[in-house]
Amino acid sequence: MKTHEITSFTGYVIAYVVLITTALLLMPMPFGIYVILVVAVPSLVLVTLLLISDLLRGRNPQLSGFVRGTLAPSLFIYLLIDAISSMLVTIYHLTIISYLMNFLALVIIGALLIRSSNQYASTRHDVSQSLRYIAYLLIALGLGYLFGAVYKPLFYPFALVSIIYLVLASLTALTGAVDIDINRFLTSSRSLAAAVFGIGLFYVVLSIPKPAQWNIYVLIAFVIIASIAITYAGYKLLISGLGNVEVIEDEVYEAHKREIRVVASPEYARLEEAISDFVAHGKKDKIIMYLTHELTKDGLDYEEIMARLDKLINYSSIVKGRGRVSRKLIEMEIRDRANLVNELFKQLYGGGNTNNEGW
């Protein structure tokens, strides 16, 4: 064992001895139990976590840094403020103190988590995003306690928002272990949070003492506002989902475009653009117009052209139709489009040979 490791371990032993001795000396005193809960217990937990951080430093530096920089101070602050809160409530018999102290603890811990998430932003985006959503969860709960101190039902809108961020944090943490794409939900997280906050606020308005006939007007107003919010959130989800589809389509097409067997020619630039639009994104207008033009030059009539281009004309995109973002589904569909293009050119111009002059 190295000298600095021995020195560090000795320091922890001294800290444990001092804390335990102080706790035993204070226990017989009238307010000794409160001092132990406020000072000794949080300090003991802090020292233990710092020791764990040092033991992890050689094996997992990132986890060690997280324990030392985020977990240890967060638990220390929570235990300290919770003990002070319990002591003040016992002395003054005011429940509002508990609400305010919970607000203070959760907001401080949330700020620590946001700082920690910034440290992971460049190396582990999934971890960074997950920590950030956990921070938002705690801050939302803290605000719930703050407003709940004024009027208790005001806690529930913020509690619903915290549930949304709990789900998002869990899904984000799973993206590193499972191949799932939740970007469209993440980009619309604010809209989702606003929607559930509105539902909670509706409950608050209904719970306010008022004449019963007013509830019908509250319900009408809520339905109108909720309809607008749901429509907007759905629009954002659709737009972000389709945007992700196009990004993935471009990536997959670049990986598979070599499978399209067409020989370059002076006309190839326009044909390549038409093929790219169809194979990558399912946009078939350009390739249909191009092929119709070429087949017309070859002397084919309308019925013959329609018969030859039947599969292309009747093609429809499964991905865009479902509005899904699944890389495997997109890759499968792009392969099908490439095969359709190859088969089409083979039938139109090659017989059994796809590599013909001019194509």
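Axes here are lines fitted to C-alpha atoms, for helices over the stretch in contact, and angles run from 0 to 180 degrees between N-to-C directions. With that in hand, take helix α2 (residues 32-56) and helix α3 (residues 61-92): they pack at an angle of about 175°, axes 9 Å apart. This is a predicted model, so local features need pLDDT of at least 70 and side-chain atom pairs pLDDT 80 or more, while totals for chains, interfaces and linings use all residues. Residues are numbered from 1 along each chain as its sequence is written, and side-chain values use heavy atoms, with hydrogens and water left out.

**The α2/α3 pair**

- Helices are DSSP runs (H or I, at least four residues), numbered from the N terminus.
- α2 and α3 are therefore roughly antiparallel, a label for angles over 145 degrees.
- Their contact brings in 22 nonpolar, 4 polar and 2 charged residues. Nonpolar covers Ala, Val, Leu, Ile, Met, Phe, Trp, Tyr, Cys and Pro; charged covers Asp, Glu, Lys and Arg; the others, Gly among them, are polar.

**Salt bridges**

- Side chains of opposite charge can pair when their charged atoms come close. With a salt bridge taken as a side-chain nitrogen of Lys or Arg within 4 Å of a carboxyl oxygen of Asp or Glu, the count is 4.
- One of them joins D54 to R68, at 2.6 Å from N to O. D54 sits in α2 and R68 in α3, so this bridge ties together parts 14 residues apart in sequence.
- Both ends are partly exposed (between buried, under 20% relative accessible area, and exposed, over 50%; 1.4 Å probe, protein chains only): D54 comes in at 21% and R68 at 34%.
- D277 pairs with K286, their closest N and O atoms 3.3 Å apart. K286 is partly exposed too, at 38%.
- E343 and K311 also form a salt bridge, with 2.9 Å between the closest N and O atoms. E343 belongs to α15 (residues 327-350) and K311 to α13 (residues 310-313), so the pair links parts 32 residues apart in sequence. E343 is partly exposed, at 31%.

**Nonpolar cores**

- A nonpolar core is a set of buried Ala, Val, Leu, Ile, Met, Phe, Trp, Tyr and Cys residues joined through side-chain atoms within 4.5 Å.
- The largest has 23 residues, and F278, I287, L291 and L312 make the most contacts inside it.
- Helices α10 (268-281), α11 (285-297) and α15 each give this core at least two residues. The largest share, 8 residues, is from α15.
- Another core, of 17 residues, lies apart from that one, and includes L106, L131, L137 and A193.

How values were computed. Angles under 35 degrees count as roughly parallel, over 145 as roughly antiparallel, 65 to 115 as roughly perpendicular and the rest as oblique.
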